[in-house]
Structures are given as structure tokens and as C-alpha cells.
Amino acid sequence: MNSTLIEVTQRIRERSAGLRGDYLARIAQLNNRQRGFERMGCANVAHAVAALPSNDKLRIVAEKAPHLGVVTAYNDMLSAHQPYEDYPAQIRAEAHRRGATVQVAGGVPAMCDGVTQGLPGMELSLFSRDTIAMSTAIALTHDVFDAALLLGICDKIVPGLLIGALHFGHLPCVFVPAGPMSSGISNSDKAKVRELYAQGKVGRDELLKSESAAYHGAGTCTFYGTANSNQMLLEAMGLHVPGAAFVHPHDDLRAALTREAVGTALDISGRLQGKPAKPIGQLVDERCIVNAMVALLATGGSTNHLIHWVAVARSAGILINWTDFSDLSAVVPLLARVYPNGSADVNQFQAAGGPGFVIRELLDAGLMHEDVLSIAGDSLRPYTFVPHAVGQGGEVVREPMPAASGDDAVVRTAAAPFSVTGGLKLLDGNLGRAVIKVSAVPEDRHTVEAPCRIFTTQEAMLAAFKNGELERDVIVVVRFQGPHANGMPELHKLTPPLAVLQGKGFKVALVTDGRMSGASGKVPAAIHVSPEALAGGPLARLRDGDVVRVCALTGSLQALVGDAEWAARDIAKLATAEADVNAHGLGRELFAGLRRNVLSAEEGACTWL
């Protein structure tokens with residue numbers, strides 16, 4: 001085992017001892033209760049089963065058959081979630097075949113960041129995670145289930161479902177994905193058209209044609225952003241059936257994997273074999289969390305998870321921080337190049353070996369904990385096998401992962417990685433703490449030093465670009481974009497103009513207390529700056545023209561201003577008119593309490609603590 005992996009895991013264990021101990025004690029207390037239908041009053045039971053067919057009522061009440069709950073994020077707005085429409089029927093049929101019963105316990109909201117990108121709805125995106133967690137709790141609080149199946153894929157949905165499930169840590173849980181859409185126009189071609197549109201060289205019709213060729217059917221978007229990073233992390237945590245992440249929605253294997261998820265949920269409930277259950281709160285320990293962090297770093301995954309997985313860990317009584325990510329990044333090699341960290345999409349990643357190849361390489365290199373509980377057994381090793389066929393009885397058949405990569409331009413071994421360190425870096429300095437995704441950034445851009453230009457909205461920055469005001473070496477600062485200010489939206493619309501400037505030979509970088517997700521691309525972006533400007537963070541001391549250094553090599557985020565002058569400066573305030581815009585319209589009023597109570601990005605942007 002790698003010594004840094006051991007050291008980081010141990011300090012997380014020690015840091016979390018009290019909180020984790022209390023959490024496990026609560027799980028144990030809940031596990032000692034009678035089964036739900038047996039401890040409930042008759043009126044409660046009657047309400048719970050009122051709409052079920054009579055044979056299901058008989059199974060539940062008289063035969064005491066296992067009973068599964070489904071929490072679904074199905075809607076038609078997300079291409080990734082549209083396939084979930086008929087999953088309850090599939091799950092119910094398989095449960096009946098196995099002598100069990102199923103109820104859809106509840107649905108959770110699921111917004112598409114692709115639809116809301118750059119629009120007011122994006123200001124609700126981060127907070128939708130905790131809304132989903134609360135909705136999951138509402139669904140599961142019916143408290144009649146022996147295990148739960150959680151149906152979700154995309155950006156805030158998986159973290160929200162996982163946070164909610166961990167607050168029901170006594171319950172065995174299986175996550176059920178639906179797979180990526182087929183490949184359309186390449187991600188690099190899509191990015192080129194976006195840059196041409198930003199320069200006014202193509203019109204809206206051409207841009208829409210390009211975007212429609214990229215996002216064209218059911219399934220997850222094919223770039224390696226937050227949604228697909230979610231799937232990689234769930235594999236590394238042992239919460240999917242092995243190899244389920246990136247099988248297409250309409251592949252026969254996908255249906256077989258969904259049926260297997262039902263069988264697995266019944267198995268880990270312990271109800272059929274009369275053996276101990278495997279509750280999710282016990283599976284998700286500090287080793288499991290470290291495995292997820294390592295998987296993120298080894299694949300150059302979404303920076304959003306430096307927020308989300310802090311919150312996920314906290315929900316299991318585990319305390320992690322950005323220093324833990326940084327120390328692991330120094331020893332975890334980059335094993336995958338998937339757009340925007342390369343040219344391949346997730347379908348090519350899957351064909352080259354996918355999550356199973358990466359996990360196998362990390363385990364063999366001593367960079368993951370193998371001896372962890374998972375829904376597939378008492379080890380993470382089953383997640384290195386390939387589900388490639390369906391047997392005569394409809395069961396999934398698995399074989400060992402090939403030793404060689406299917407395409408070493410996409411996935412490599414730990415002995416010959418793309419980089420000896422991970423794809424994320426921690427930055428620190430007089431501007432605060434931030435993270436930067438460097439796996440897609442050219443090496444000659446890992447350090448940028450230039451005068452800054454400050455904006456408080458995306459729209460103002462885009463207008464300045466169109467007016468030719470940024471045709472120089474420049475650090476673009478977009479502040480008052482943190483959780484307290486406006487919900488910490490993703491700022492992807494800034495990427496094409498910044499890429500255009502970089503393509504012209506200018507040294508450019510972005511510094512913001514907002515987010516960029518896994519799609520920040522080739523432009524250096526110091527994001528999630530904490531403390532945020534609205535909370536009085538040092539980003540509010542910056543003035544137009546200050547020279548700023550963003551250096552991923554030394555981990556520096558520095559305003560090159562004398563200490564005395566820096567300390568004497570007033571803290572800039574958000575204009576009243578802009579604050580009013582952030583607070584009103586399109587539902588933003590309903591999230592005012594979350595904006596007031598939210599913790600910092602490094603603390604997971606939790607709203608419930």
C-alpha cells in the first residue's frame with residue numbers, strides 16, 4: 001500500500017473518530033428495531049399497502065417477504081434520466097420473480113445543468129443537491145423498506161441521493177445507473193464551433209446544429225464532467241453492481257444489470273438468506289471515501305466533487321478537506337484522458353477498459369483500499385471484472401479485465417501513466433484557497449501572471465470580451481459567485497471566450513469563487529475560491545489592474561500587492577441592484593434560507609449543519 005494513501009486515510013480516521021463513532025452508534029440503534037411492517041400500527045400498514053395488488057399485500061403482511069423501496073430521479077428534462085421512465089416496472093417484475101415486493105418510495109428533483117447553463121436556473125443548481133438529499137429522506141422516511149434502489153446519474157443528483165441515503169445509514173442501498181448516450185459529434189469539434197461562435201465567425205444556426213449533434217439522444221452526455229465522474233466514483237465505492245456505469249441505456253446488458261441490481265439489493269438486505277445486512281453507512285467508511293477521491297484524481301474528474309464528496313463524507317460522519325485531496329493528488333497517477341482532459345468520450349473510455357481497468361491498476365499499485373465492503377462482496381476486486389455478456393438465464397457474465405489497455409491514448413497502466421500526479425491541484429495564498437484542474441491545461445500554462453480585470457457577473461465579462469477589452473495577457477476575476485452570493489453557479493459560458501484569447505497567444509486565467517465543473521478545459525481556472533467574496537474573503541480586496549499569479553506548480557494563488565497595502569484595503573461590496581437580482585425571480589426567493597446558512601465550498605457547501 002502506498003504510504004501517502006495510508007497516512008491520509010489514517011488522519012481522516014483520527015479526525016473523524018468522534019463524529020463517525022456517533023454515526024455508527026445511531027445505525028446500530030436503528031438496526032436493532034423490528035422490521036417496518038411489524039413495528040407499525042395497523043392503520044400505518046394499511047396506508048402503506050393500500051394501492052398494492054392483493055398478492056403483494058399478502059407477501060408483505062402474511063409472508064413477510066422482502067420489500068424494496070425505489071427513489072427515482074426520473075424526468076424527461078435530463079437525457080440521462082429519461083430511460084428511468086420504465087425502470088420501476090422492470091424492477092417490480094424482477095422483485096416479483098424473486099419473491100419480493102417493491103414500491104416507488106418517492107421522486108426527487110433533477111435539473112439539467114446543460115439547460116440552465118448561464119441562466120438564472122443555474123443559481124439553484126448547487127442547492128438542488130441538498131434539496132435532493134431532503135427529498136430522498138422524505139421518501140425513505142416511510143420506513144418500511146428492507147433495502148433501497150437509488151436511480152440517479154447526473155451532477156447534483158447522485159451526491160444528493162447519496163447524502164440522503166447516508167442519513168438512513170442503516171439501510172442497504174444499491175445505485176442503479178442508466179448509461180451514456182451514443183457518441184455524436186466529437187467533443188473537440190463541438191468546442192471549436194463554440195469558439196468560432198464566440199468570435200462571431202459562425203451564427204446561431206451553425207452553433208445549434210453542432211450542439212444538437214453532440215446532445216442527440218437518451219443517456220448521459222458523453223464528456224467526462226460531473227455526471228460521468230459520479231459514475232466512476234460509485235464504481236470505486238462499490239455502490240453499483242460491478243461494471244454498470246457506462247453500458248448504453250438500450251443495450252441488452254443494461255437491462256440485465258438492472259435486474260442484477262434488484263437481486264443484489266435483496267441479497268445485501270439479508271432477508272432471503274437470513275444473514276446480516278450490509279447497510280450503506282457501514283460500507284461508506286474512510287477507506288471507501290479515499291477510494292473515491294483516488295478514482296477522481298486518477299481520471300481527471302470533475303472539480304465539483306471537491307465540494308460534493310466533502311458533503312458526502314460528512315453525511316457518513318467522516319471529515320475530509322482539500323488538503324487530503326492535494327496530498328493524494330501528489331502520488332496518484334493520471335490514468336485516463338477523456339474530454340475535456342483528452343479527446344476521447346466516455347464511450348471510448350469504456351471501450352478501452354473504463355472504470356474496471358482504472359480500478360484494477362490502482363489496486364495493483366497499492367493506491368486503493370482493496371479490503372473494503374461493497375455491495376458485491378468483501379473486496380473491491382469484483383469491480384475489475386468486465387460484464388460483457390448475458391447468460392442463458394439472463395444473468396450477467398463477467399470475465400477478468402484484459403492486462404493491456406484497449407487504447408493507450410485513452411487509458412493507461414499505472415506503470416506508464418499520462419502523468420505521475422493526479423489531475424487536480426490545491427492553490428493557496430493571500431487570495432484564499434482554491435482548486436485548479438490541470439489535467440487538460442497545457443504545461444506552459446500552469447503558471448500565469450498578469451494584471452487582473454474584475455467582474456461581478458458573467459454577462460459583464462462576455463460583454464468586455466465582445467468589445468475587445470480583453471485582448472491582452474489577463475487574469476479574469478469573476479467574484480460574488482459563491483454559495484452565499486448567488487448559489488455558486490457554474491460559469492461554463494466563460495470557457496469559449498477565454499479559450500479564444502489563449503488561442504491568440506495571450507496568457508489568460510480565470511479566478512472565481514464560482515464553479516466550473518469537469519468541463520473547465522484547457523484554460524487555467526482557479527475556482528471555488530474560499531472564503532468567498534460576499535463573506536469578506538480576500539478576493540473582495542482585489543482591484544482592477546492588480547497583478548495576480550496563478551501557479552499550479554507551486555500551488556500559489558497570489559495578488560502581488562504589498563502586505564501593508566493589502567491589509568489596509570476596504571472589502572468591496574456587491575452592488576445592491578446585483579444582490580437584488582441574485583435574490584429574486586425564477587424561484588430564487590425560495591432558496592434564501594439556503595444562501596444564508598450554507599457553509600463554504602471547502603466545507604462541502606452543506607446547508608443542513
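This is a predicted model: local features need pLDDT of at least 70, side-chain atom pairs count only at pLDDT 80 or more; totals for chains, interfaces and linings use all residues.
Colleague: What makes the protein agree with a compact globule?
Modeller: A compact globule of 609 residues would have a radius of gyration near 25 Å, and the protein has 24 Å, so the two agree. Its C-alpha atoms fill a box of roughly 75 × 55 × 50 Å along the principal axes.

Colleague: How many helices and strands are there in the protein?
Modeller: The protein has 24 helices and 14 strands.

Colleague: What share of the residues is buried, and what does buried mean here?
Modeller: Buried means under 20% relative accessible area. Buried residues make up 59% of the 609 residues.

Colleague: Among contacts between residues at least 6 apart in sequence, what share joins residues at least 24 apart?
Modeller: The share is 76%.

Colleague: Why is helix H8 called roughly parallel to helix H15?
Modeller: The axes of H8 (residues 157–166) and H15 (residues 305–315) come within 8 Å and cross at roughly 10 degrees. Angles under 35 degrees count as roughly parallel, and therefore H8 is roughly parallel to H15. The crossing of these two helices is left-handed.

Colleague: Which residues make the contact between H8 and H15?
Modeller: H8 contributes Val 158, Pro 159, Leu 162, Ile 163 and Leu 166. From H15 come His 305, His 308, Trp 309, Ala 311, Val 312 and Ser 315.

Colleague: How do the residues of that contact divide into nonpolar, polar and charged?
Modeller: Eight are nonpolar, three are polar and none is charged. Val, Leu, Ile, Pro, Trp and Ala are among the kinds that count as nonpolar.

Terms used: Residues are numbered from 1 along each chain as its sequence is written. Side-chain values use heavy atoms; hydrogens and water are left out. Axes are lines fitted to C-alpha atoms, for helices over the stretch in contact, and angles run from 0 to 180 degrees between N-to-C directions. Helices (H or I, at least four residues) and strands (E, at least two) are DSSP runs, numbered from the N terminus. Angles under 35 degrees count as roughly parallel, over 145 as roughly antiparallel, 65 to 115 as roughly perpendicular and the rest as oblique. A crossing is left-handed if the near helix is turned anticlockwise from the far one by less than a right angle, and right-handed if clockwise. Contact means heavy atoms within 4.5 Å. The radius of gyration is taken over C-alpha atoms; the globule rule is 2.2 Å times the number of residues to the power 0.38. Buried means under 20% relative accessible area, exposed over 50%, partly exposed in between (1.4 Å probe, protein chains only).
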